[in-house]
Amino acid sequence: MRGRHDATGRSTGKPADKRDRKLNSPPKGSKWTWFTVEMMVSPAWRELSINGHRVLQRICIEHAEHGGKANGTLPVTYRDFIEHGVTGKHLHHAIVEVEALGFAVRVSRGHRAYGAESGVPSLYRLTFVGVSTETDRWPATNDWRRIKDASAAKQAVRQAQQIADEQAREDRARRNPPTPAKSPMGLQEALS
(Lines give C-alpha, C1' and ligand atoms only; values in the text may rest on other atoms or scores of the structure.)
Protein backbone atom coordinates (compact mmCIF):
# COMPACT_ATOMS: atom_id res chain seq x y z
CA MET A 1 0.00 0.00 0.00
CA ARG A 2 1.33 3.40 -0.90
CA GLY A 3 0.93 5.88 1.89
CA ARG A 4 0.31 9.59 1.76
CA HIS A 5 3.26 11.63 3.07
CA ASP A 6 3.42 14.92 4.95
CA ALA A 7 5.82 17.82 4.30
CA THR A 8 8.66 16.12 6.22
CA GLY A 9 8.39 12.94 4.14
CA ARG A 10 6.85 10.84 6.90
CA SER A 11 3.82 8.67 6.29
CA THR A 12 0.52 10.09 7.50
CA GLY A 13 -0.89 6.59 7.86
CA LYS A 14 -3.54 7.37 5.25
CA PRO A 15 -3.76 5.63 1.91
CA ALA A 16 -2.53 7.53 -1.14
CA ASP A 17 -5.63 6.85 -3.22
CA LYS A 18 -9.11 5.30 -3.18
CA ARG A 19 -7.95 1.93 -4.50
CA ASP A 20 -5.69 1.44 -1.45
CA ARG A 21 -8.50 2.48 0.90
CA LYS A 22 -10.81 -0.07 -0.69
CA LEU A 23 -8.23 -2.87 -0.44
CA ASN A 24 -7.63 -2.19 3.26
CA SER A 25 -11.18 -1.70 4.49
CA PRO A 26 -13.48 -4.40 5.88
CA PRO A 27 -15.40 -6.37 3.23
CA LYS A 28 -18.82 -4.90 2.44
CA GLY A 29 -21.60 -6.47 4.46
CA SER A 30 -19.25 -8.25 6.88
CA LYS A 31 -19.37 -7.88 10.63
CA TRP A 32 -16.08 -6.77 12.14
CA THR A 33 -14.36 -5.30 15.15
CA TRP A 34 -10.90 -3.87 15.64
CA PHE A 35 -7.89 -4.14 17.89
CA THR A 36 -5.55 -1.17 17.74
CA VAL A 37 -1.81 -1.73 17.41
CA GLU A 38 -1.33 0.24 20.65
CA MET A 39 -3.55 -2.27 22.42
CA MET A 40 -1.91 -5.33 20.82
CA VAL A 41 1.62 -4.27 21.87
CA SER A 42 0.55 -3.36 25.42
CA PRO A 43 1.77 -5.35 28.45
CA ALA A 44 -1.86 -6.17 29.29
CA TRP A 45 -2.40 -7.82 25.88
CA ARG A 46 0.82 -9.82 26.10
CA GLU A 47 -0.20 -11.15 29.53
CA LEU A 48 -3.52 -12.57 28.28
CA SER A 49 -3.58 -16.37 28.26
CA ILE A 50 -4.99 -18.28 25.29
CA ASN A 51 -8.28 -18.71 27.18
CA GLY A 52 -8.26 -14.99 27.98
CA HIS A 53 -7.89 -14.20 24.27
CA ARG A 54 -10.78 -16.55 23.46
CA VAL A 55 -13.01 -14.91 26.08
CA LEU A 56 -12.20 -11.48 24.66
CA GLN A 57 -12.78 -12.66 21.09
CA ARG A 58 -16.16 -14.17 22.01
CA ILE A 59 -17.29 -10.90 23.61
CA CYS A 60 -16.12 -9.07 20.45
CA ILE A 61 -18.13 -11.49 18.32
CA GLU A 62 -21.21 -10.70 20.38
CA HIS A 63 -20.52 -6.98 19.93
CA ALA A 64 -20.35 -7.44 16.13
CA GLU A 65 -23.50 -9.60 16.13
CA HIS A 66 -25.36 -6.70 17.75
CA GLY A 67 -24.13 -4.29 15.08
CA GLY A 68 -21.88 -2.44 17.52
CA LYS A 69 -24.94 -1.01 19.28
CA ALA A 70 -25.10 -3.04 22.49
CA ASN A 71 -21.75 -2.49 24.21
CA GLY A 72 -22.49 -2.58 27.92
CA THR A 73 -25.30 -5.09 27.49
CA LEU A 74 -23.53 -7.82 25.51
CA PRO A 75 -25.04 -11.18 26.58
CA VAL A 76 -22.57 -14.07 26.50
CA THR A 77 -23.44 -17.44 28.00
CA TYR A 78 -21.26 -20.18 29.44
CA ARG A 79 -22.11 -22.30 26.39
CA ASP A 80 -21.04 -19.47 24.04
CA PHE A 81 -17.60 -19.39 25.66
CA ILE A 82 -17.23 -23.19 25.61
CA GLU A 83 -18.28 -23.40 21.94
CA HIS A 84 -15.68 -20.74 21.13
CA GLY A 85 -12.95 -22.97 22.57
CA VAL A 86 -12.50 -21.74 26.14
CA THR A 87 -11.63 -24.69 28.37
CA GLY A 88 -14.49 -25.18 30.85
CA LYS A 89 -12.39 -25.54 33.99
CA HIS A 90 -10.45 -22.36 33.06
CA LEU A 91 -13.42 -20.21 32.02
CA HIS A 92 -13.89 -18.42 35.34
CA HIS A 93 -10.19 -17.56 35.58
CA ALA A 94 -10.11 -16.39 31.95
CA ILE A 95 -13.05 -14.01 32.51
CA VAL A 96 -11.41 -12.65 35.67
CA GLU A 97 -8.14 -12.21 33.73
CA VAL A 98 -9.81 -10.25 30.91
CA GLU A 99 -11.46 -7.99 33.51
CA ALA A 100 -8.27 -7.54 35.58
CA LEU A 101 -6.29 -6.52 32.50
CA GLY A 102 -8.95 -3.97 31.58
CA PHE A 103 -10.25 -5.27 28.24
CA ALA A 104 -13.83 -5.97 29.31
CA VAL A 105 -16.11 -5.49 32.30
CA ARG A 106 -18.82 -7.87 33.45
CA VAL A 107 -21.72 -5.47 33.94
CA SER A 108 -24.05 -8.05 35.47
CA ARG A 109 -23.49 -11.62 36.51
CA GLY A 110 -25.78 -14.24 35.06
CA HIS A 111 -26.86 -17.61 36.40
CA ARG A 112 -27.51 -21.01 34.91
CA ALA A 113 -30.92 -22.53 34.34
CA TYR A 114 -32.14 -24.70 37.17
CA GLY A 115 -35.38 -26.66 37.12
CA ALA A 116 -38.22 -24.41 35.92
CA GLU A 117 -36.07 -21.30 36.31
CA SER A 118 -34.51 -20.14 33.06
CA GLY A 119 -30.88 -19.08 32.95
CA VAL A 120 -29.69 -15.51 32.47
CA PRO A 121 -26.45 -14.71 30.58
CA SER A 122 -23.82 -12.41 32.03
CA LEU A 123 -23.66 -8.99 30.35
CA TYR A 124 -20.35 -7.47 29.26
CA ARG A 125 -18.87 -4.17 28.11
CA LEU A 126 -15.72 -3.86 26.00
CA THR A 127 -13.57 -1.04 27.36
CA PHE A 128 -11.80 -0.28 24.07
CA VAL A 129 -15.09 0.47 22.28
CA GLY A 130 -17.41 3.34 23.10
CA VAL A 131 -20.93 2.77 24.39
CA SER A 132 -23.73 3.76 22.05
CA THR A 133 -27.14 2.54 23.14
CA GLU A 134 -30.55 4.18 23.03
CA THR A 135 -30.08 5.55 26.54
CA ASP A 136 -26.29 5.87 26.96
CA ARG A 137 -23.40 7.31 24.95
CA TRP A 138 -19.80 7.67 26.06
CA PRO A 139 -16.34 7.09 24.59
CA ALA A 140 -14.14 4.07 25.20
CA THR A 141 -12.55 3.98 28.65
CA ASN A 142 -9.52 1.89 27.53
CA ASP A 143 -8.96 0.51 31.03
CA TRP A 144 -6.14 -1.72 29.71
CA ARG A 145 -3.91 1.39 29.51
CA ARG A 146 -3.53 1.51 33.30
CA ILE A 147 -1.27 -1.58 33.08
CA LYS A 148 2.19 -0.06 32.51
CA ASP A 149 4.48 -3.10 32.44
CA ALA A 150 4.55 -6.90 32.53
CA SER A 151 4.99 -7.11 36.31
CA ALA A 152 1.95 -4.87 36.88
CA ALA A 153 -0.06 -7.05 34.50
CA LYS A 154 0.96 -10.24 36.33
CA GLN A 155 0.20 -8.69 39.70
CA ALA A 156 -3.24 -7.46 38.56
CA VAL A 157 -4.15 -10.93 37.30
CA ARG A 158 -2.81 -12.64 40.44
CA GLN A 159 -4.77 -10.34 42.78
CA ALA A 160 -7.96 -10.68 40.75
CA GLN A 161 -7.63 -14.49 40.70
CA GLN A 162 -7.17 -14.59 44.49
CA ILE A 163 -10.27 -12.45 45.04
CA ALA A 164 -12.27 -14.55 42.57
CA ASP A 165 -11.16 -17.79 44.24
CA GLU A 166 -12.20 -16.45 47.65
CA GLN A 167 -15.61 -15.37 46.30
CA ALA A 168 -16.09 -18.80 44.71
CA ARG A 169 -15.32 -20.49 48.05
CA GLU A 170 -17.84 -18.22 49.81
CA ASP A 171 -20.46 -18.95 47.13
CA ARG A 172 -19.93 -22.71 47.49
CA ALA A 173 -20.16 -22.47 51.28
CA ARG A 174 -23.39 -20.46 51.00
CA ARG A 175 -24.93 -22.96 48.55
CA ASN A 176 -23.76 -26.03 50.44
CA PRO A 177 -23.89 -25.36 54.18
CA PRO A 178 -22.17 -27.99 56.33
CA THR A 179 -24.47 -30.76 57.52
CA PRO A 180 -24.75 -31.34 61.25
CA ALA A 181 -22.62 -34.17 62.57
CA LYS A 182 -24.53 -37.41 62.89
CA SER A 183 -24.85 -38.88 66.31
CA PRO A 184 -23.52 -42.38 66.87
CA MET A 185 -26.85 -43.18 68.53
CA GLY A 186 -29.73 -44.44 66.49
CA LEU A 187 -32.53 -42.12 65.47
CA GLN A 188 -34.93 -43.58 68.04
CA GLU A 189 -32.49 -43.03 70.90
CA ALA A 190 -31.85 -39.45 69.79
CA LEU A 191 -35.56 -38.63 69.78
CA SER A 192 -36.27 -40.14 73.24
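How much space lies in the second largest pocket? In this predicted model, the second largest pocket holds about 170 Å³ of space. Its lining consists of H92, V96, E99, A100, R106, R109, A160, I163, A164, Q167, A168 and D171. Two helices, α6 and α7, each supply at least two residues of that lining, and the largest share, six residues, comes from α7. Sorted by class, the lining of this pocket has six nonpolar, two polar and four charged residues.

Which residues of α7 are buried? They are A153, A156, V157, A160, Q161, A164 and D171. An α-helix has 3.6 residues a turn, so residues three or four places apart point the same way. The cover over the buried residues of α7 includes α3, at residues 43-47, and α6, at residues 91-100.

The largest pocket may be considered next. About 940 Å³ of space lies in it. Its lining is made up of 25 residues, and those nearest its centre are Y78, R109, G110, H111 and R112. The elements that give two or more residues to this lining are α5, at residues 78-83, together with α6, β5 and α7. Here too α7 gives the most, with four residues. The lining of the largest pocket divides into 11 nonpolar, seven polar and seven charged residues.

The largest nonpolar core has 29 residues, of which V55, L56, I59, F81, F103 and L126 touch the most other members. At least two residues of this core come from each of α3, α4 (50-65), β3 (74-76), α6, β5 (122-126) and α7. What surrounds F81? Leaving aside residues up to four places away in sequence, F81 touches V55, R58, I59, V76, V86, L91, I95 and Y124. Two of these partners, V55 and I59, are themselves among the core residues that touch the most other members.

Terms used: Residues numbered from 1 in each chain as written. Predicted model: local features only at pLDDT ≥ 70, side-chain atom pairs only at ≥ 80, totals over all residues. Heavy atoms only, no water. Buried < 20%, exposed > 50% of the residue type's maximum accessible area, 1.4 Å probe, protein only. Contact = heavy atoms within 4.5 Å. Core = buried A, V, L, I, M, F, W, Y, C linked by side-chain atoms within 4.5 Å. 1 Å grid on protein atoms, 1.4 Å probe; cavity = no way out; pocket = protein on both sides within 12 Å on 5 of 7 lines; lining within 4 Å. Points joined across faces, edges and corners; volume = space filled by probe spheres on them. Nonpolar A, V, L, I, M, F, W, Y, C, P; charged D, E, K, R; others polar.
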